[in-house]
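Open the model in your viewer and keep the selection panel at hand. The stops below go from the whole chain down to single side chains.

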Amino acid sequence: MERRMSRVATATAGVLLLAGSLLAGTADAADGTQGFGPTLACNGLASLDDPTTATGAGTAVQGPASSVGTAQVRYGSVNGVQYGWARALNGATNRWIRFEVDTNGDRNWDCGSWYGPLNSTRYWTSGTQTSSSSSVAFRACIVPEGVRCADSGAASVTSWW
């Protein structure tokens with residue numbers, strides 16, 4: 001009986017964990033719904049769900065202006081921790097803003113977040129903690145759904161910061 005109860009408890013915990021992560025917004029927003037993208041920690045770096053709460057915000061790098069908008073990598077602090085995130089200026093409503101994070105120095109996407117389709121009230125991604133390590137870098141771009149910054153079709157791609 002004790003073994004059966006342990007299995008039931010383990011199964012119940014797994015279901016609750018999955019349901020909790022879905023409610024928290026960690027599910028992929030690739031179904032076309034608006035979403036923050038992943039809110040899980042990025043290779044040990046903390047995440048920030050709402051960068052509008054950051055103080056001392058500024059623009060680190062900005063991509064070239066394009067017909068679908070201009071991408072920026074922004075930074076700011078919350079409770080003494082600095083974060084970076086992506087923001088779209090004048091973003092087209094059929095596009096997504098994508099924030100890519102490189103954590104190992106190869107300047108390829110390792111993790112990140114995205115938001116879309118863009119609208120007049122929401123035009124930024126969730127954020128990721130900055131790091132003093134030269135291996136960690138951020139970039140942003142404006143893309144059709146499902147496209148990465150390095151892919152054909154990406155617009156206003158920033159440099160790595």
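Among contacts in the protein chain between residues at least 6 apart in sequence, what percentage join residues at least 24 apart? The figure is 56%. Keep in mind that this is a predicted model.

**Whole chain**

Show the cartoon. The protein chain has one helix and eight strands. Of the 161 residues, 39% count as buried.

**The open sheet**

Select β1, β7, β4, β3 and β2. These five strands make an open sheet in the order β1-β7-β4-β3-β2, with antiparallel pairing. Which strands stand at the edges? They are β1 (47-48) and β2 (55-62). Each has a single partner strand, so one side of each is left without a neighbour in the sheet.

Zoom in on β4 and β7. They pair in the antiparallel sense over two bridges. One place to look is G84, whose bridge partner in β7 is T128.

**T128**

Center on T128, in strand β7 (residues 127-129). Is T128 buried or exposed? Its relative accessible area is 6%. The cut-off for buried is under 20%, so T128 is buried. Show its contacts. Beyond four places in sequence, T128 touches C42, L45, A46, Y83, G84, F99, V101 and F138.

The largest nonpolar core has 20 residues, and V73, I97, F99, V101, F138 and I142 touch the most other members. Colour by element to see where the core comes from. Two or more residues each are given by β3 (70-78), β4 (81-89), β5 (96-102), β6 (111-115) and β8 (137-143).

Stay with V101. Leaving aside neighbours within four places in sequence, V101 is in contact with C42, N108, W109, D110, C111, G112, T128, A137, F138 and W160.

**Aromatic pairs**

Select the aromatic side chains. A search of the whole structure finds four aromatic pairs. One is F99 with F138, a tilted pair at 5.0 Å centre to centre and 55° between the planes. Why does this pair tie together parts that are 39 residues apart in sequence? F99 lies in strand β5 and F138 in strand β8. Both residues are buried: F99 has a relative accessible area of 0%, and F138 has 2%.

Move to Y123 and W124. Their ring centres are 5.2 Å apart and their planes stand at 90°, so the pair is edge-to-face. Y123 counts as partly exposed, at 31% relative accessibility. W124 counts as buried, at 14%.

Together, Y75, F99, F138 and W161 form one aromatic cluster.

**Charges over rings**

Finish with two arginines. Select R98 and W109: the charged end of R98 sits over the ring of W109, 4.9 Å from its centre. Then select R122 and Y115. Here the charged end of R122 sits over the ring of Y115, 3.9 Å from its centre.

Technical notes:
Residues are numbered from 1 along each chain as its sequence is written. This is a predicted model: local features need pLDDT of at least 70, side-chain atom pairs count only at pLDDT 80 or more; totals for chains, interfaces and linings use all residues. Side-chain values use heavy atoms; hydrogens and water are left out. Helices (H or I, at least four residues) and strands (E, at least two) are DSSP runs, numbered from the N terminus. Buried means under 20% relative accessible area, exposed over 50%, partly exposed in between (1.4 Å probe, protein chains only). Contact means heavy atoms within 4.5 Å. A nonpolar core is a set of buried Ala, Val, Leu, Ile, Met, Phe, Trp, Tyr and Cys residues joined through side-chain atoms within 4.5 Å. Rings of Phe, Tyr and Trp (its six-membered ring) pair if their centres lie within 6.5 Å; planes under 30 degrees apart count as stacked, over 60 as edge-to-face and the rest as tilted. A charge sits over a ring if NZ of Lys or CZ of Arg is within 6 Å of the ring centre and within 35 degrees of the ring normal. Two strands pair if DSSP finds at least two bridges between them.
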